[in-house]
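Dear colleague,

I am handing over the structure below, followed by notes on what was found in it. Please read the notes with the coordinates open.

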Amino acid sequence: MGEALREHNAGRAPDAVGRRGRSGVTLTRALAVAALAALAACSSNDRGERASGPARTTGQTATPAGPQPGEGGQVDLSGPARVALLAPLTAPDAGAAAAARDIEDAARLAIAEGAGDAVALDMRDTAGDAATAASVAQAAAAAGDALILGPLYGANADAVGRAVASAGLNVIAFSNTPSAGGGNVWVAGLLASSETDRILAHAAQQGWTGVGLYHPETPLGRVARTAAEQSASRHGIALSPVMAYPRSFEGIQDSAVAFDASFEGSGAMTVLLPDEGQGLQAAASFMRYHGIGMRTPILGMGGMADPELQRDSSLSNALYAGPDPAAMADFAARFQAAYGRAPGKFAWLGYDAVAAAAQMMRAGRASGDDRPFGLQEITDPGGFRGLGGPWRLTADGLNVRALAVLTPASSGPQVVAPATTPTAPGS
């Protein structure tokens, strides 16, 4: 996988020292977030039922001349809604281009498996470039597309959101970078907040009320630390000790000694390791060397799902949060049958996004709402039916997903506790 693809979701760091994450949102973006949040508050209902769309003006109130923020594109309810799918099909990074192809093919599989009655795809190539992504998004809006799915890179999502804001369109990006969400942009990738919430909820259920956190000094590590602190507070877990390590073999080796010294006598019963690849392997090995994780399983995140690590002895009996493996295996088999190759790690995002758009369009037809991709519909508390289970988009531009508790095994991940939908701030 190429360097650019490893960067598209800040939070997922490469095996070398982590690269710099995406900068914070600008003042304009922040104001947009506040405006849309106010819209959400005004339009919510106490029973959590699906609203029929943004409130229509009545009486003598003047009708606004143009599209309103977050109202979504207008559609013809008698046929499929035009939905743009933005992906870097011709990105110079080979890994990113391969991921784009997987996302496109998974989206087309969703169309073939039933979404085609509600959604017509308009594929747009971003070439992995923010300016190009913004340009093709504007072209999609001008062509009558009512919703934007993509782009792949969280760093490009802001440009796309700005490009279509004046048209009232919303964007569901294939990113798991929390800072990419907000305003008229939502991130659909699996977030650290969902992963840490599920695994720490399980820890609390087992009576492991003290958990250490040993994380890489990378964008992933910093995002995971924030998420873990919030999740620990919700579930009554004392998160201590907390220590960051330089993401190198020597850095992990040296800092593991200091972490072990802090761990002893802290009351912690296990440790959370939010890393992946060689960094995760090294951190887990040194934890085991110091006796941590011998009596109570080491905890982790999505990095433990790596097929290369499923048979690693340092992760035997470890626990992590992830989508239901049986459901994902079924999707992989259908994808293989359709395209003659296994799906990449991001393919399922394309399928889920198209299925969600189809679900919103069908609800719009049922209620007579010709703007089915508005703020209320996207953040419907009932959520969507995804490949790995229920999921929903939240008012703060993020998402929560139903996740199971899994353990690595040579035959693939095994379910320890079934999928449940986590709580999340802003939900």
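**Salt bridges**

Arg225 and Glu229 form a salt bridge in which the closest N and O atoms are 3.1 Å apart, a salt bridge being a side-chain nitrogen of Lys or Arg within 4 Å of a carboxyl oxygen of Asp or Glu. The two residues are four apart in helix 7, so about one helical turn separates them; helices (H or I, at least four residues) and strands (E, at least two) are DSSP runs numbered from the N terminus. Arg225 counts as partly exposed at 34% relative accessibility, as does Glu229 at 38%, where buried means under 20% relative accessible area, exposed over 50%, and partly exposed in between (1.4 Å probe, protein chains only).

Please bear in mind that this is a predicted model, in which local features need pLDDT of at least 70 and side-chain atom pairs count only at pLDDT 80 or more, while totals for chains, interfaces and linings use all residues. Residues are numbered from 1 along each chain as its sequence is written, and side-chain values use heavy atoms, with hydrogens and water left out.

The structure holds 18 salt bridges. One of them pairs Asp197 with Arg234, with 2.7 Å between the closest N and O atoms, and this pair links distant parts of the chain, since Asp197 lies in helix 6 (residues 192-205) and Arg234 in helix 7 (residues 219-234), 37 residues apart. Asp197 is buried at 3% relative accessibility, whereas Arg234 is partly exposed at 34%. Glu217 and Arg222 also meet through their side chains in a salt bridge (2.6 Å, N to O); Glu217 is partly exposed, with a relative accessible area of 40%, and Arg222 is partly exposed, with a relative accessible area of 40%.

**Core and overall fold**

The protein has twelve helices and 15 strands, and 54% of its 427 residues are buried. The largest nonpolar core has 64 residues, among which Leu85, Leu147, Leu149, Leu299, Phe331 and Phe373 touch the most other members; such a core is a set of buried Ala, Val, Leu, Ile, Met, Phe, Trp, Tyr and Cys residues joined through side-chain atoms within 4.5 Å. Helix 11 (residues 347-367) contributes the largest share of this core, eleven residues. A second, separate core of 25 residues includes Ala268, Ala283, Phe286 and Ile292.

Leaving aside neighbours within four places in sequence, Phe373 is in contact (heavy atoms within 4.5 Å) with residues including Val75, Leu147, Ala357, Met360 and Ile378.

Best regards
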